[in-house]
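Keep the sequence and the 3D view side by side as you read.

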Amino acid sequence: MQRALAQAQAAAFQGEVPVGAVVVAEKQVILAEAGNCCIRASDPAGHAEMRAVRLAGQRLGNYRLPGTTVYVTLEPCPMCAALLVHARIARLVFGTADPKGGGVVSRYQIGADGLLNHGFAVSSGVCAEECRQILQDFFRQRR
């Protein structure tokens, strides 16, 4: 999660909403890491987890990522949660919940509700205070 937090800090430095993600394979091999880039790339799909999963797929040469874990500082939105289902990730670990738009536990239960053909294990609250604080600091400075 520390690597995801570093990606979130880098995103904040570039004026992006500070969210970072890391995709890890078995034996703790880091496949990819990324931060948000929606604003600077004019890309509504420029979410950290979207970017990291794409990079991991390219690195492995496969759009399926079985056995991988995605670490992300903020609970994924529904778009990113659906991506994790489609990529067949095994586990999601996130820092802070998103009560307004969370797609995994807060508003929706994508990947955990048993309604889709694939699901993934979820661990939440990892480094939650650090993850929450970076977001709060960012928005406090913007307002």
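In H4, the buried residues are Cys-80, Ala-81, Leu-83, Leu-84 and Val-85. Buried means under 20% relative accessible area, exposed means over 50%, and partly exposed lies in between, with a 1.4 Å probe and protein chains only. Helices are DSSP runs of H or I with at least four residues, strands are runs of E with at least two, and both are numbered from the N terminus. What do the buried residues of H4 pack against? They pack against H3, S3 and S4. Contact here means heavy atoms within 4.5 Å.

A word on the model. It is a predicted one, in which local features need pLDDT of at least 70, side-chain atom pairs count only at pLDDT 80 or more, and totals for chains, interfaces and linings use all residues. Residues are numbered from 1 along each chain as its sequence is written, and side-chain values use heavy atoms, with hydrogens and water left out.

Residues up to four places away in sequence aside, Leu-84 touches Val-53, Val-70, Pro-76, Ile-89, Leu-92, His-118 and Phe-120. Leu-84 is also one of the residues with the most contacts inside the largest nonpolar core, which has 30 residues. A nonpolar core is a set of buried Ala, Val, Leu, Ile, Met, Phe, Trp, Tyr and Cys residues joined through side-chain atoms within 4.5 Å. Which elements each supply at least two residues of this core? They are strand S1 (20–24), strand S2 (30–35), helix H3 (48–60), strand S3 (69–74), helix H4 (78–86) and strand S4 (91–96).

There is also a second, separate core of eight residues. Leu-5, Tyr-71, Val-93 and Cys-131 are among them.

Take Leu-5 next. It lies in helix H1, residues 2–13. Its relative accessibility is 8%, so Leu-5 counts as buried. Beyond its neighbours within four places in sequence, Leu-5 is in contact with Thr-73, Cys-127, Glu-130, Cys-131 and Ile-134. Gly-57 is another matter: Leu-5 and Gly-57 are 52 residues apart in sequence, and their C-alpha atoms are 22 Å apart in space.

Is Thr-73 buried or exposed? At 1% relative accessibility, it counts as buried. Its contacts, with neighbours within four places left out, include Met-1, Ala-4, Leu-5 and Ala-8. Pro-18, Val-19 and Gly-20 are also among the contacts of Thr-73, as are Gly-95, Thr-96 and Cys-131.

Now look at Ser-124, in strand S5 (residues 121–124). Ser-124 counts as partly exposed because its relative accessibility is 48%. Residues up to four places away aside, Ser-124 touches Phe-94 and Gly-95. Ser-124 and Gly-111 are 13 residues apart in sequence and 14 Å apart in space, C-alpha to C-alpha.

Next come the backbone angles. Most residues other than glycine have a negative phi. Gln-28 is not a glycine, yet its phi is positive, at about 60°. Gln-28 is found in the loop between S1 and S2. With a relative accessible area of 59%, Gln-28 is exposed. Ser-42 also has a positive phi, near 50°. Its place is in the loop between helix H2 (38–41) and H3. Ser-42 is exposed, with a relative accessible area of 66%. Just after H4, Arg-88 takes a positive phi of about 65°.

Step back to the whole chain. The protein has five helices and five strands. From the N terminus on, they run α-β-β-α-α-β-α-β-β-α. The radius of gyration is 14 Å, close to the 15 Å that the globule rule gives for 143 residues, so the protein is as compact as a globular protein of that length. This radius is taken over C-alpha atoms, and the rule is 2.2 Å times the number of residues to the power 0.38. Along its principal axes, the C-alpha trace spans about 40 × 30 × 30 Å.

How much of the protein counts as buried? Of its 143 residues, 44% do. Among contacts with a separation of 6 or more, 56% come from residues 24 or more positions apart.
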